[in-house]
Amino acid sequence: MEHELRLTGLECDSCARVISRVVERIGASVKDIDYSMGRLVVEVNSDAQLDDLKAALIEAGYGVDGNDTNRGVMARPLAFLGKLLSNSTDFDAERRIAESSMFSLLIMLAGLFLLTYVLQIVSPRFVPLLALAAVGTVACSTALIHFRAFRQPFSCMSGMMIGMTIGMMAGFLAGALSGAANGMLVGSIVGMAIGMGMGAIAGARNGVMGILEGLMAGIMSGTMGAMLSVMLFNDNVLLFLIFLFASCIFVLLGLSYMMLREGGSVLPSSVPILAKSIAANVAVFAVFGALLVWGPRAAFAWAGAS
Amino acid sequence: MRKTFHVEGMHCKSCEKLLTMAVEDAGLKVVRADYAAGIVEAEAHDEAKFESARKAIEAEGYKVNGGN
């Protein structure tokens, strides 16, 4: 049967060919197409086929019969998230990385619970800091693992940006936590060390420039993170930390999305052995956590959430 | 394995969509298509498929340069 559709979002003459292709792939045929009016007349064999056709046109980015075009800034990220969370075969490697990260986080939080409330080795006042440390470790390592799973090179600009971002986020988060728990001196040194380390590992893909970019970011953010925590000591440090962590994690998620857009989906074979990643995550968290709880403490240091 | 095609004549988003569909119909997976950079990157298990991809792109009226 024949059916007429009103389409919006046709931007150029290629659109007419895109639309014809979409229609043919569904198995229907084009009877008439008027690009300037956005009018499409098709021959379909059933209502179900018509619905399939409308869905395909919307997915292609056109507005159908009054629906808005699906082209907002968030359209593609949300579509990616949808595919990641479903069990589609697309993004299999990314899904495995995300799953191992969630698993690492679970192990860390379970360990924290055990040590604090069951074995009572760790004082409960450290729980907020340690919980943030767990989340921060997983967020930074996920971005790094994702980046290192790409086999093809990134452009110089992108590589440096990625090295800088990972170094900066790691340094900020580590510096802020250690600054709060151990004071300014230890906090800035630890923040710088972790930031520089993560930054250099990430930047190494792009040679000396990349490493330098990562080191610089680590130096800057490690010191700044510690400084902010210490300066907020008479204010609400925990509230600041929550905001800081939320922002940095948002940036790291955006970074992974940027890598996906630029480098495409990762080949499943190039994902590293995930058990090693989980072990590394938990080990780093254990060492860093031990530093926060039992490390050197300056006169002004974390006494618990006020 | 993957191959990046440098395509001349991609001038808007719909060109990405068109070429993605054309290359997919030729039996390959499209990793990404970017009209600003003028590239279409495809993935296939067998080398011969890349030739079909190149022909599919050219059949739509675009020109393929070199490619690595």
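A nonpolar core is a set of buried Ala, Val, Leu, Ile, Met, Phe, Trp, Tyr and Cys residues joined through C-beta atoms within 7 Å. Buried means that 20 or more other C-beta atoms lie within 10 Å of a residue's own, with C-beta atoms placed from the backbone. The model is predicted: local features need pLDDT of at least 70, side-chain atom pairs count only at pLDDT 80 or more, and totals for chains, interfaces and linings use all residues. Residues are numbered from 1 along each chain as its sequence is written, and chains are lettered from A in the order in which they are written.

**View 1. The largest nonpolar core.** Of its 65 residues, Leu129(A), Cys140(A), Leu173(A) and Leu177(A) touch the most other members. Among the elements giving two or more residues are helix 4 (92-118) and helix 10 (274-294) of chain A. Helix 6 of chain A gives the most, 14 residues. Helices are DSSP runs of H or I, at least four residues; strands are runs of E, at least two; both are numbered from the N terminus.

**View 2. Around Leu129(A).** Beyond neighbours within four places in sequence, Leu129(A) contacts Leu177(A), Ala180(A), Ala181(A), Leu292(A) and Trp302(A). Contact means C-beta atoms, placed from the backbone, within 7 Å.

**View 3. A second, separate core.** This one has 34 residues. Val23(A), Leu53(A), Met21(B) and Ala56(B) are included.

**View 4. Where chain B meets chain A.** Eleven residues of chain B and twelve of chain A take part. Helix 1 (13-25) and strand 2 (29-34) of chain B each supply at least two residues to the chain B side. Helix 1 of chain B has the largest share, six residues.

Conventions
Contact = placed C-beta atoms within 7 Å. Buried ≥ 20, exposed ≤ 12 C-beta atoms within 10 Å, placed from the backbone.
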